[in-house]
Every structure is written in structure tokens, then in C-alpha cells.
Amino acid sequence: MYIDVVEFKNQHFAHSFHNIPEQFNWTLDAQLRKVASNPAWRGIDPGFVLATIYMQILTYFLVERLFGGEQHLGVPEDTAIRRMIDMALNGIWRKDIAGSPRAGNQARRKRSKNKLGKPGKTVAKAVAGKSGPH
């Protein structure tokens, strides 16, 4: 792959990386529509989610195998992959613990919606006011 990129101006692999979410959506159409129709699904394009996870795992193996990373994340391969998948599926914060950012975000959204009728507007103004433009 890297020889193709460097020496052949990426003429053989470039097409593989064009709009990966669309490729997953086309290939796994019925399965991804089923996932997206689940009431617990948060509304993110399933192809985008799958492509993001796929690219993270691909990058992991490129570093491990091609670049000789040898446990570059500090844990054995099976543990690293399990943890990446767990983070993708469950996030990194507990939802049910007071003081966690996720619990705090839910409370702020409720307060914001009550004040302005639009979730997040108060939080966005508060953040912009405290830290300046991003």
C-alpha cells in the first residue's frame, strides 16, 4: 500500500478509501437499516460508525504489523481490539454516575431546553463566553 502511495502516486489503492461509509452502506444495506431502525440507535449514519471503527482497527494493525509497533497501545492485541470496540460501542464515560460528563450533559440539556426551548443553546453560549472562539 505504501509503495503504491509513494512510488505510484496512489493509483491502485485510492479508490478503496473514497467515501468508506457509503461503501459500507451499499454492501451491508439491509443489516445497517435494521440497526438504524432500532429505537436505541442514536441517529448517526451506521456506515459512518462502521467506517470509523474499521479505520481505527486498520490503523492499529498498520502500526503493529507494518511499522513494528509491538503493543504500541501497551496491551496485547486481543485486549487492544476488545477495548477499541468497547469504547466505540459504550463510550468512555458511565451514564449513571453523578459527576460524569455524560450525566452532566444530560442535566444541562434539560435546563437549557427549559430556559430557551432549544437544547444546547445555553451551554453553547456559556462555553463560547468562557473560552472565546474556537
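Hi everyone, let's start with the aromatic rings: there are 2 aromatic pairs in this structure, and please keep in mind that we are looking at a predicted model.

Take Phe24 and Tyr54. How do the two partners sit relative to the surface? Phe24 has a relative accessible area of 18%, so Phe24 is buried, because the cut-off for buried is under 20%. Tyr54 is partly exposed, at 40% relative accessibility.

Now for the other pair, Tyr60 and Phe61. These rings are edge-to-face too, at 5.2 Å centre to centre with 85° between the planes. Tyr60 is buried, its relative accessible area being 1%, while Phe61 comes out at 25% and counts as partly exposed.

Let's go back to Phe24 and look at its helix. Which residues of H2 are buried? In this helix, residues 20-27, they are Ile20, Pro21 and Phe24. They span an arc of only 105° around the axis, which means that they lie on the same side of H2. For those who like the general rule, an α-helix has 3.6 residues a turn, so residues three or four places apart point the same way.

And what covers that buried side? Helix H3 (29-37) and helix H4 (46-66) are among the elements that cover the buried residues of H2. Turn to the other side of H2 and you find Glu22 and Trp26, both exposed.

How values were computed. Residues are numbered from 1 along each chain as its sequence is written. This is a predicted model: local features need pLDDT of at least 70, side-chain atom pairs count only at pLDDT 80 or more; totals for chains, interfaces and linings use all residues. Side-chain values use heavy atoms; hydrogens and water are left out. Buried means under 20% relative accessible area, exposed over 50%, partly exposed in between (1.4 Å probe, protein chains only). Helices (H or I, at least four residues) and strands (E, at least two) are DSSP runs, numbered from the N terminus. The arc is that of the directions from the helix axis to the C-beta atoms. Contact means heavy atoms within 4.5 Å. Rings of Phe, Tyr and Trp (its six-membered ring) pair if their centres lie within 6.5 Å; planes under 30 degrees apart count as stacked, over 60 as edge-to-face and the rest as tilted.
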